[in-house]
Amino acid sequence: MEWLMQFDALRARGQHAFLFVGSAGDGFPRSPADAASPVDALDPWAETMAHHLAGTQALVVTFDVARGLTFRSPEDEQAFHVGACGDAPSPSPQNAVARARATRPTAWPWEPAEALDCLRLACTRFATATGNARRSLAIILPDVDAMVPDAATMATPSSAVPLTLLRLLESDAFRRCGHCFLMSAPTTRSVDERLRRPDAPIAVIAVSRPTEQERDAFIASSCATELTDLQRERAIAAQALAEARSQVVAKAEVDRAQAAAAMRDHAAREAALVEHDAEYQRLERIYQELAAQQQRARDQASTDRRQREHALVQEHDVLVKRFLLDAALAIVPMTDDRWSAMEVGDALQITVRNGSGQEEVIVKHVLERKGDGCVLSRSNDPHAPHVHHCDQHPGEHHPKDHLQPMLFFWKCGMVHGRRLHATKDPEPMPIPEGSSWTVMYVPRERFVVQARLATIEQERERLEVESETVVTPIDGDVPRAAAACAARRAIVLAEWQREGGVLRAAMQEAEACMANPASPEMDRCARELHRAEQRITAASVRGAFALPDGGSASCARLMQGFGYRDMVAVLRSARAERRPATAADVLTARQAILRRSYGDLFEIVDPEFGFAEIAGCDHVKRLFARIRDHIRAGNRSRVPMGVQLLGPPGVGKSAIAMAFARECGFLFVRMKNIREPWVGASEARYERALHALRELAPVVWFRDEVDRADAGRDTFHGDSGVSLRIQEMTMEFLADPAIRGRVLALSASNHPARLEAALVRAGRTDERLAMLFPDEATIAALLRIKVRQHGFPCAIDSFAPYAASMRWWPGGLIEKVVRVAYDFAEEQGRAAIDDASLRAAIADTIPPDDHELEYAEMTRAAISATSNQRHLPADVDQQLAWAEAVLRKHGRTDTHARIPVPVRSPSGSLPA
């Protein structure tokens, strides 16, 4: 710890009073480490100082407002009591209370004023002690700001305690006896002004967060000693166990391969055994012949079925064709001639239609011809004669044997009927009222064809069923022959199978040994591994950590801004999951830790993009790339102290600063508002912020709109000088050579003329770069980058045709055009940005003509304030011509003021 080494150096030169400020609230590792204490145990600052002073033979006394006076041991307390009370002069009135309290070791004072009086008296008594009892005191006051706060921050400040403390530190007895006084506070401005003035006898030591080298050493000492050795021992034992296991498995594989080869030979002998048995060969021939006969019978049955089915299909097709095309089978209207020519088997088709349009079809077959009449069947039975039911007349009752067949005649286009033996004239068939009927002639041959077609369909269905279950006369003989072969084969192979069982058992034993290898050597290695695991468990109880993945140096590099407690928290979290810490663990915890420690001072950002996502700005990226390479190579002397980006708003100053931090692997921070309403609090907080920047190094500190904070010293601020004091602290910080290459201050300004000259001079701000409006090539590249960053689908291949219409627009407005174009595409139902939507967005956007004059003045001022000609963009002539044209348009007559226009080479390019 560098601050502890600084303390030793100052104490060796005779300094006796110290004020430790900064990160004194962090925990600190013990030095030298106590072998009996947990590895991850950290001491508070007061305990660390007590441990550090224990080897100097000084009697360590600690006082804080919460616990009062405390000592490292009862022996030290007794020694303090004896040394403070022995051979004392008669008490003076002002020291009476302190002397009375000093005589009672169990009742030390709790009030700060009384405790300081007691300590002042003890220092005097120790200085006057004689003989071997004379010892020096080391007095530790942690959180001294609670005892002697800055009077400006207290409502009722008291001067008694700081004055008592100053009298103690300035006393001759304190200096002459070699006593040491140590105090801690967050900042120097948080304690009373009398303790931090230049003539105060107090040396201020900044307790900073551990540096990268200290973080590396702490991680290495916590991880790479005991636990790493034990893990190495466990790894050796695990490797020995793995080697023993591999030997057992290799032997088992050889045994299994031999058993498998024997099994293959055994399987090859199976065919030879069966082939030499004559009875099996005879049974096999019988089985093969029966199987062949069975197959031939089935093949023949299938052939016959196919032929029969083919003949039926052909007959079916002929009958269907005849049924459809033969006029002799057609159904035609009934006429007198057709009635006279009707024969038995012909039929009448009578269609009756009622008033609602419904039809009923009645078919009556001719059963018998009697002269001009015909006996017809019922409609549902072609063989039953149509009879006359006597019960058709209500009120008449006749026996059933009076039912007689009806004889029908065709007269006048209608069917008439009477009983077969009746002599009266036939009567027309009754028709319900409102109905009509139609009589058609159906030839007998039509019914014959229909019947044959139905028979064919039944025959085909029968053939289909028979094709699925073909039965042959020898179906029962084939299974019996196969069973006889199998029985004989079983008899022949019985002995062979017994031999195969032995071989299979040997192969299964080898496979079991491969799956679960075991041997005496493996048992011994397993016992050694178990003992190593037990030792690792015991070491873990003491808090030992596993070495992080990638080593301690890689882990320490990522832990910038971490305190010792923060590092231990990350290592403990990984140890709880029984694994080493990784870079992902550190990065996951880093944001939370940094925001907790510095969140009230800074906005801390992990940049998401590098130079590849920045369009144009080649002159700026060249400079930053060179700075990045120097930082990576460790050439801090070639890194500028500060860089200032000049130009109108919206041209990408903040974006390129973030990209540079990403390229260097640095944190990117913006300082928050540090102003406080109390006197002196703003300066104290700003001092803490500057100290935090040193702790966070390497870091990119981005200061936006610095023309407000860094205005000239003659500018009226109206804050009682707070701004000027903060400005002085800023200038002192930016000029400190220790921050070169570690804290890179990047500032952005729209009005460089308003800046304090002392802040922009070389040595604080070495480089000033002009960032102006993008040219057409940059606009086209910027459109493509913004489309990709936002994830918008796009159907445009080249954005060059659209760049001219946005020539003097800032980059922020160009990004807005991309978003508006996608909105237009969605509203018009298109899935991606196309030519129409992009042109509509450009036409819809109103350029910042109201601020044209301001932008022209900012452009001209940025070009004028640039520090080097090579830091100007390639189109600086066009930018300057545009700015002067705008100024003339608005009536500015000073447009021809001298501006350092870059000297061009004959080819028109900037000099190398």
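Arg444 is partly exposed, with 38% relative accessible area (partly exposed lies between buried, under 20%, and exposed, over 50%, with a 1.4 Å probe and protein chains only). Arg444 forms a salt bridge with Glu343, with 3.6 Å between the closest N and O atoms; a salt bridge is a side-chain nitrogen of Lys or Arg within 4 Å of a carboxyl oxygen of Asp or Glu. This pair links distant parts of the chain, 101 residues apart: Glu343 lies in the loop between α12 (336-341) and β8 (347-353), and Arg444 in helix α13 (residues 444-468). Helices (H or I, at least four residues) and strands (E, at least two) are DSSP runs numbered from the N terminus. Glu343 is likewise partly exposed, at 43% relative accessible area.

The structure is a predicted model, in which local features need pLDDT of at least 70 and side-chain atom pairs count only at pLDDT 80 or more, while totals for chains, interfaces and linings use all residues. Residues are numbered from 1 along each chain as its sequence is written, and side-chain values use heavy atoms, leaving out hydrogens and water.

In the whole structure, 29 salt bridges are found. Within helix α10 (residues 226-275), Asp255 and Lys251 are 4 residues apart, about one turn of the helix, and form a salt bridge with the closest N and O atoms 3.3 Å apart. Lys251 counts as exposed because its relative accessibility is 53%, whereas Asp255 is partly exposed at 30%. A further salt bridge joins Arg194 to Asp192, at 2.9 Å between the closest N and O atoms. Asp192 counts as buried, at 3% relative accessibility, and Arg194 is partly exposed at 21%.
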